[in-house]
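Visitor: I'd like to learn how to read this model. Could you walk me through it?

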Amino acid sequence: MDHLINKRVKNIEISGIRKFSNMVANRDDLISFTIGQPDFPTPEHVKKAGITAIEQDFTSYTHNAGIIELRKAACDFVKKKYHLNYSPDSEVIVTMGASEAIDIAFRTILNEGTEVILPGPIYPGYEPIIRMMGAVPVHVDIRKNHFRFTLEMIKPFITEKTRCIVLPYPSNPTGVSLSESELRELADYIKGKDIFILADEIYSELTYDQPHTSIARFLKEQTIVINGLSKSHSMTGWRIGFLFAPENITKHILKVHQYNVSCANSIAQKAALEALTTGIDDAQAMKNEYAKRRAYVYERLTSMGFEVVNPDGAFYFFVKIPDSYNLNSFDFAINLVENTNVAVVPGSAFSEYGEGYFRLSFACSMDNLGLGLNRIEKHIQNKK
Ligand SMILES: Cc1ncc(COP(=O)(O)O)c(C=O)c1O
């Protein structure tokens, strides 16, 4: 029956991150720096809100866009934190994680042959959906621009077919964010053109040096903002995301969401409400811990001679593989795990523009960071 499978689906592959993690998962004494989710439990009061929701039989379908209290809390959250103004009634949809928000946004705005500009390296969650729509991903190689996806980099790739620019900041895998002036410049240029901005801001609560700025502040009419609780509140398994956009866009996206999932999980919505009200600053304690780890890992990696950009946000270092290795990123990661039992994600999992790098996640304990980095250091020394 294989010949009956949809051709576009047949042509996409499972994420390189998963592929690599699955390959190395069963090794003894493995230290894994491949993790793409917080290593903290969901805050206790948030878990309790979920339990209470079950006990009170809050287990039915909700409004397609999500319960109104949660939509209000989500709009209040982005107003307080990022100065964004959205109406809870018509400009926000509660989704099943940021992943569903990305999917329904693309499925609403893309047509066959439409071009979507993305930075490379990039999180692998966008390209397959773009391809399934018959649209065309156009990557901009930002390796030579310290991973900055600025207007200057983007401009040469804009054509009359461009309908969307993906702006994922802070970035997975590089940790790089864009400054307010860079975002303003981009917004001014795009304003009035037939181009959407898909701003994936799932790591917005995890910025270390500057508070997060959303491009929607300067270009609300053309922007779809994706956010959620997976990273800020360590709620990856609860599957709660948010999509914010003007009503003339959300009214169409809501149809796709409705026929896709009806609504987000009712119990998780109650937990999310607790997270965005009582727990509005829950990310702070985790962020303080990540900040300590970031400083430690930066110091260790640079003293070993690795070329790295210190991440502005998220919990990843995207590290250049030394030329002396003469290995592509997949073979480097295999070589590293076989010699040291330390797993990192090959850069090629983040598009072909991640080649030459590996991603090291610091969403793991200080003890494991220390042990793993000691092993890497020994390996590097043996190589010299
Ligand atoms: C940039 C980016 N966007 C979206 C997601 C998916 O988030 P969620 O788990 O809320 O679907 C991830 C997960 O790693 C991510 O890194």
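Visitor: What percentage of the 384 residues in the protein is buried?

Guide: A word on the source: this is a predicted model, where local features need pLDDT of at least 70, side-chain atom pairs count only at pLDDT 80 or more, and totals for chains, interfaces and linings use all residues. Residues are numbered from 1 along each chain as its sequence is written, and side-chain values use heavy atoms, with hydrogens and water left out. Buried means under 20% relative accessible area (1.4 Å probe, protein chains only). Here, buried residues come to 54% of the 384.

Visitor: How many helices and strands are there in the protein?

Guide: Helices (H or I, at least four residues) and strands (E, at least two) are DSSP runs, numbered from the N terminus. This protein has 14 helices and twelve strands. Its radius of gyration is 21 Å, close to the 21 Å from the globule rule for 384 residues, so the protein is as compact as a globular protein of that length. That radius is taken over C-alpha atoms, and the rule is 2.2 Å times the number of residues to the power 0.38.

Visitor: Which residues come nearest to the ligand?

Guide: A residue is near a molecule if one of its heavy atoms lies within 4 Å of it. Of the 13 residues around the ligand, the nearest are Ser 99, Asp 200, Ser 230, Lys 231 and Arg 239. Helix α5 (residues 97-109) gives the most to this shell, with four residues.

Visitor: And where are polar side-chain atoms of Asp 200 and Arg 239?

Guide: For Asp 200, one lies 2.6 Å from a ligand nitrogen atom; for Arg 239, one lies 2.8 Å from a ligand oxygen atom.

Terms used:
A polar contact is a pair of N or O atoms within 3.5 Å; within protein, one must be able to donate a hydrogen and the other to accept it, and residues adjacent in sequence count only if both atoms are side-chain atoms. Buried means under 20% relative accessible area, exposed over 50%, partly exposed in between (1.4 Å probe, protein chains only).
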